[in-house]
Amino acid sequence: MANIKQQVKRNRKNEEARQRNKAAKSEIKTAIRRYRETVESGDAAAADERRRHAARLLDKAVSKGVIHKNQAANKKSRMAHRATTFTVDAKGGKTPA
């Protein structure tokens with residue numbers, strides 16, 4: 001434990017930021033998982049709404065410096081790709097095209 005006043009504060013602020021970043025990343029992962037589950041269920045309208053919500057969270061995380069802008073762009077690209085390539089076959093099975 002540091003005994004210098006500025007370092008004690010810096011440690012405290014770093015821990016607060018780490019907890020905030022962890023919460024934001026967890027929320028993003030949950031939003032993407034819910035989007036993926038919705039796409040797999042075949043509900044296109046709900047999937048589009050969840051994709052927009054996840055993209056909004058990604059953009060917000062970028063603006064706050066939680067993740068890099070390229071990481072957000074890659075995640076949004078993968079979500080869009082999943083929406084266009086995921087199909088449900090005639091037998092009711094879910095298969096990526």
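1. Being three residues apart in helix α2, E49 and R52 are separated by about one helical turn. Their side chains meet in a salt bridge at 3.0 Å, N to O (a salt bridge being a side-chain nitrogen of Lys or Arg within 4 Å of a carboxyl oxygen of Asp or Glu). Both ends are partly exposed, E49 at 40% relative accessibility and R52 at 38%. On the terms: buried means under 20% relative accessible area, exposed over 50%, and partly exposed in between, with a 1.4 Å probe and protein chains only.

2. A word on the model before going on. It is a predicted one, where local features need pLDDT of at least 70 and side-chain atom pairs count only at pLDDT 80 or more, while totals for chains, interfaces and linings use all residues. Numbering starts from 1 along each chain as its sequence is written, and side-chain values use heavy atoms, with hydrogens and water left out.

3. Overall layout: three helices and two strands, in the order α-α-α-β-β from the N terminus. Helices (H or I, at least four residues) and strands (E, at least two) are DSSP runs, numbered from the N terminus. Of the 97 residues, 18% count as buried.

4. Back to salt bridges, of which there are eight by this rule. D59 and K76 pair at 2.7 Å, N to O. D59 sits in helix α2 and K76 in helix α3 (residues 69-85), so this pair ties together parts that are 17 residues apart in sequence. Elsewhere, bridges with shared partners join D48, E49, R51 and R52 into one network.

5. Helix α1 has a pair too: E16 and K13 lie three residues apart there, about one turn of the helix, and their side chains form a salt bridge at 3.2 Å, N to O.
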